[in-house]
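Have the sequence and the 3D view open side by side as you read.

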Amino acid sequence: MKRFFLLAFLCIPALLSAQPKYWIYLKDKNSSNAPAVSQTTLENRQKFGNPSSDDTDLPVREDYQKQLKENSVNIVNRSKWLNAVSAVMNYDQAEKVRQLNFVKEVIPMTSGFFIAQTRPTEKAQMAQVMSQVQANAFQKAGINGKDVTIGVIDAGFYGADSSLALQHIFANKRILGIHDYVKPGRPGNMLFSTAESFSDMHGTEVLSAISGIDNQDQMQYGLALNSKFYLARTDYSLREWRGEEDNWIAAMEWMDSLGVRLINTSLGYAKGFSDPKENYKPSQMDGKTSAITRAAQIASDRKGIMIVVSAGNEGEDKSWGIISAPADAQGVLSIGATNAKLWNRIGYSSVGPEFLSYVKPNVSCFSLYGTSLSAPVITGFAACLMQANPKLNNKELIELIEKSAHLYPYGNNFVGYGVPLASRALALAKAPYLPNYSKLITAKGRNCEVDVTTDENLVAIYRKKNSKDVLSQQTAKVQNGKISLRRQNGEHFTTIDLKDYAVEVQWN
């Protein structure tokens, strides 16, 4: 199910129906076709060391599309990255298309039935997270995302043009383009004036968390105050089905074709569809199974795009608990959520699967209302770093943000490497190293006393079965400058979170 990662309640479900939707994967491309991207895109790739162009930039073959249309196939979206089209078909049509000699495979996305749901969103109080990530360090350096273009892929942007927090964006004409993939052909500005549910404000909240400021109340909501934006609506909020992943991929390819290098998305796909056959399994959050995850990895590896993704709000769901697609892609920056005081994982924030070889989520920050509002904060953070050092490529940016986080290098699958700190990030943007903000000690037996320097009386600790996977998240008292630990069964590492630095205890 698509996930709007602002915490909310469900209301008034109503049963609807539609024809099933399929991916039609094609066998080849026409190598004589020109790449379907802009000159800006080609220049960006060359500048940051990515291939200027490859076969994923070639458009889907027109002759194949023509033959599909001759077979009464209603094409919805085209993906040059996956060499596929999405289409609405009945079962007989799908079987007929499978027999065409240029078709590689036909895979259903949906069963054709879904339940309409609406989800209200709430206005975020962002003052705490601005303090947490050290927004003032960017302000003192005069950094606010200037000359950085950000793509936002979301459910809707109702009321964005009248929001006090976004007045500066519209007054300075910083919305460069709008695309509605849910209702193609509808004028983009209708996204600001038409709402079908509370979820159509979701993108407005996200945009505010990237770039918002209320000058009347002197309240800053986001870090990228001077950035420009492309907006895409890919999700119809009255449906719960998997059949909109193709919209998301189409929006990614559109933004790539325009040269966008930084994209925020607070949508995700996991389970909860009205037809259980559409649900993903937790084991499929492996960084390579879903179409949306594979597209995100292509964007990272081959297009040089930095994608910032909400980790998800399934942390308290015992039947799931882990991140959703595309947050499982290794190449994206997945963002979890922390508590305000201790900076440890807030209960709803999804954890990283233990079967992944890499740390997910990558980093985290405070959000009271869901990971939808932690991800855009870090998107604004990334935009500021792109202004500070325009030469950084997407993978260097991700590494820099991880290294700036308060637990680095002792990440875990609850909060990743912790909260990115602007002062550390700015130092890293100018130099290849930082002072060491961590300490590794070894402990024998079952008991250990650790000397610490902190003004806190209570700190967060993570008891881990290995270097990244958490057994339990707890708190520990600081008494006379010491923390007393007793090793638990199965515990091999313990991370002590002191905010200013981290202590890693390795049990022998």
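How many bridges join β3 to β6? The two strands are joined by 5 bridges and run antiparallel. Two strands count as paired if DSSP finds at least two bridges between them. Helices (H or I, at least four residues) and strands (E, at least two) are DSSP runs, numbered from the N terminus.

Before going further, a word on the source: this is a predicted model, in which local features need pLDDT of at least 70 and side-chain atom pairs count only at pLDDT 80 or more, while totals for chains, interfaces and linings use all residues. Residues are numbered from 1 along each chain as its sequence is written, and side-chain values use heavy atoms, with hydrogens and water left out.

**The sheet**

The open sheet has 4 strands in the order β4-β5-β3-β6, with antiparallel pairing. β4 and β6 (103-108) stand at the edges with a single partner strand each, so one side of each has no neighbour in the sheet. From one strand to the next, the twist averages 25 degrees; angles run from 0 to 180 degrees between N-to-C directions, and axes are lines fitted to C-alpha atoms, for helices over the stretch in contact.

Here are two of the pairings:

On the β6 side, Tyr22 stands opposite Pro108. Strand β5 (residues 84-88) is mostly covered, with 4 of its 5 residues buried (under 20% relative accessible area, using a 1.4 Å probe and protein chains only). The hairpin of β4 and β5 has 4 residues between the strands, and there Asn83 takes a positive phi near 50 degrees.

Two helices lie across β3, β4 and β5: helix α2 (residues 62-70) runs at about 160 degrees to β4, and helix α9 (residues 245-257) at about 45 degrees to β4.

**A helix pair**

Helix α12 (residues 394-404) and helix α13 (residues 422-430) have axes that come within 8 Å and cross at roughly 135 degrees. That angle makes α12 oblique to α13 (angles under 35 degrees count as roughly parallel, over 145 as roughly antiparallel, 65 to 115 as roughly perpendicular and the rest as oblique). Leu400, Lys403 and Ser404 of α12 meet Arg424, Ala425, Leu428 and Ala429 of α13 in the contact, where contact means heavy atoms within 4.5 Å.

Technical notes:
Buried means under 20% relative accessible area, exposed over 50%, partly exposed in between (1.4 Å probe, protein chains only).
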